[in-house]
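Subject: A structure for you to look at

Hello,

Here is the structure I promised to pass on. Please open it alongside this note, and then read on for what turned up in it.

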Amino acid sequence: MAGFSFTVEARHGRARAGRLVTPHGEVETPVFMPVGTAGAVKAVLHRDLREIGARILLANTYHLMLRPGDALVGGLGGLHGFAGWDGPFLTDSGGYQVFSLTALRKLDEEGVRFQSHLDGTAHLLSPERSMEVQQNLGADIAMAFDECPPGDAPREAVAEATARTTRWARRSRAAHRRDDQWLFGIVQGGVHLDLRETSARELLEIGFPGYAVGGLSVGEPKPGRDRVLDHLDPILPADRPRYLMGVGTPEDLIDSVARGIDMFDCVLPTRNARNGQLFTRRGRLSIRNARYKDDPRPPDPECPCLTCRTASRAYLRHLHQAGEMTAAILMSVHNLFCYVDIMRAMRQSIRLCRFEEWRRETLRRLADAEQDGS
Ligand SMILES: [Zn+2]
């Protein structure tokens, strides 16, 4: 498809460093995509995202279809025109939110009927409707509509959801028309390796330019996730981008890149920032902790971000305790910088064939309990 390509440029072990080209710019992988749920990354300006080094943003189909409505966004130039971010966007399928946010829903082969969590109005999200919404939103990358069962669902329910995800992927593919948008398939199957394998092989038969691994941010234990990624690595095509949806901590990202993943998104850095938790190169730090009340050091003395150049822990703690919105802004900027910077260092280590060494050293530092060890 014109305007798109993905190239793996270097490998070390199973870790890959690559380049994703989209109509709105190039992205070096492995990459972390900040989450802009309603078309904005909470508390962070596009300008600051640029400075942080974020290159591609995620926006949520479910939220935008309900408010302000995908037709309205489409009429105003899609997400790029509406939100004013000229870099690449990716939209999720709406599947994950419709299963996690709506209490009143009815699932059948056609799709999911649900009531909006905002005003109770009735909606249908189906493969066809998800494609319509995502084509209106006009992100560079769209996702096939999937069924994402909870992490503790019994095997039978997971098997059923996985088979339906394949049928919905086929319908998504058929309903997708835009040739300036890539459509990725989503592998489901919970922690069951045979279901994961079947799901991946069926999606490969349908054929997508990229593959996501869904359903691994729904509370399953980490060894289960690692086993799934290990199992999928030789099955997923080596020359297509791989996206692990909704994961996770810096440690999770590093361990998943080690298993061949290229793309990530997660609300953790921004959500935790608003709750007063900072990610640093030496573990996490809770700004609410009284020990920081007169601490003149920046959140992370090794960090060159805007926040660490200008703000002390004492100041951030004060702003957070006082309920000042600037606290959320400054801490979101730092946390996103920390994530993006870890990805940057990771890419470099892969290119220099030093990934395993870098990984050991970085994980050791992240486990350092110099901070409050939370
Ligand atoms: Zn910083």
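**Salt bridges**

There are 43 salt bridges in the structure, a salt bridge being a side-chain nitrogen of Lys or Arg within 4 Å of a carboxyl oxygen of Asp or Glu. Side chains of opposite charge can pair when their charged atoms come close.

This is a predicted model, in which local features need pLDDT of at least 70 and side-chain atom pairs count only at pLDDT 80 or more, while totals for chains, interfaces and linings use all residues. Residues are numbered from 1 along each chain as its sequence is written, and side-chain values use heavy atoms, with hydrogens and water left out.

Let's start with R164 and E147, whose side chains form a salt bridge at 2.7 Å, N to O. This pair links distant parts of the chain, 17 residues apart: R164 belongs to helix α7 (residues 155-175), and E147 to the loop between β10 (141-143) and α7. Helices (H or I, at least four residues) and strands (E, at least two) are DSSP runs, numbered from the N terminus.

Next come D252 and R225, with a salt bridge at 2.6 Å, N to O. Here D252 in helix α10 (residues 250-257) is linked to R225 in helix α9 (residues 222-232), 27 residues apart. D252 and R225 are buried.

Why does R240 count as partly exposed? Because its relative accessibility is 31%. R240 pairs with D239 in a salt bridge at 3.9 Å, N to O.

Best wishes

Methods: Buried < 20%, exposed > 50% of the residue type's maximum accessible area, 1.4 Å probe, protein only.
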